[in-house]
Amino acid sequence: MSFITFRFPHAMIVTFKSRATADTLMFGDNARQLLALMGKPFEPQGIITPEQLPAALDALKRAADESRAAQRAQPDEDDAEERPPAMVMPVSLAQRAVPLIEQLERSLRAGEPVTWDSQGQ
């Protein structure tokens with residue numbers, strides 16, 4: 001029996017970890033964007049210290065609010081037949097940020113840092 005191995009050259013996975021929560025997994029491009037919003041460089045490994053968590057949370061929440069506002073500003077389509085299927089619609093920054101925001105909030109309450117580690121390219 002042979003197995004087919006699929007390789008995605010740009011599919012880096014970043015794992016955000018904290019002792020206060022379960023791990024949060026993200027594709028590298030999405031993690032890079034969220035880390036940049038928090039003022040963190042995208043490196044193979046990193047940490048958001050408990051002292052840095054409030055500012056990181058504020059930055060992500062502000063970006064998520066702006067993303068939601070931009071989405072609300074888009075005109076509504078009256079004709080449901082012209083809308084793309086849900087699987088084709090892009091995921092907003094606000095939606096992508098929610099799991100990380102929740103992890104940062106719980107870590108802040110527990111006084112624990114959040115670290116990240118990347119696997120892949």
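Mentor: Start with M38. Leaving aside neighbours within four places in sequence, M38 is in contact with I48, A56, A59, L60, L100 and L104. This is a predicted model: local features need pLDDT of at least 70, side-chain atom pairs count only at pLDDT 80 or more, and totals for chains, interfaces and linings use all residues. Residues are numbered from 1 along each chain as its sequence is written, and side-chain values use heavy atoms, with hydrogens and water left out.

Trainee: What makes I48 a contact of M38?

Mentor: Contact means heavy atoms within 4.5 Å. I48 is listed among the contacts of M38.

Trainee: Which residues touch the most other members of the largest nonpolar core?

Mentor: M38 is one of them, with F16, L34, I48, L60, L100 and L104. The core has 23 residues. A nonpolar core is a set of buried Ala, Val, Leu, Ile, Met, Phe, Trp, Tyr and Cys residues joined through side-chain atoms within 4.5 Å. β1 (13–17), α1, α2 (53–73), α3 and β4 (114–119) each supply at least two residues. Helices (H or I, at least four residues) and strands (E, at least two) are DSSP runs, numbered from the N terminus.

Trainee: Why is A64 called buried?

Mentor: Buried means under 20% relative accessible area, exposed over 50%, partly exposed in between (1.4 Å probe, protein chains only). A64 has 1%, so A64 is buried. A64 is found in helix α2. Beyond four places in sequence, A64 contacts L93, A94 and I101. A64 and A94 are 30 residues apart in sequence, yet 4.1 Å apart in space, C-alpha to C-alpha.

Trainee: Why is α1 called roughly perpendicular to α3?

Mentor: The axes of α1 (residues 28–37) and α3 (residues 93–110) cross at roughly 80° and come within 11 Å. Axes are lines fitted to C-alpha atoms, for helices over the stretch in contact, and angles run from 0 to 180 degrees between N-to-C directions. Under 35 degrees counts as roughly parallel, over 145 as roughly antiparallel, 65 to 115 as roughly perpendicular and the rest as oblique. So α1 is roughly perpendicular to α3.

Trainee: How do you know that β3 pairs with β4?

Mentor: Two strands pair if DSSP finds at least two bridges between them. Four bridges join β3 to β4, and the two strands run antiparallel. For instance, Q45 has D117 in β4 as its bridge partner.

Trainee: In what order do the strands form the open sheet?

Mentor: The order is β2-β1-β4-β3, with antiparallel pairing. β2 (24–27) and β3 (45–48) are the edge strands, each pairing on one side only.
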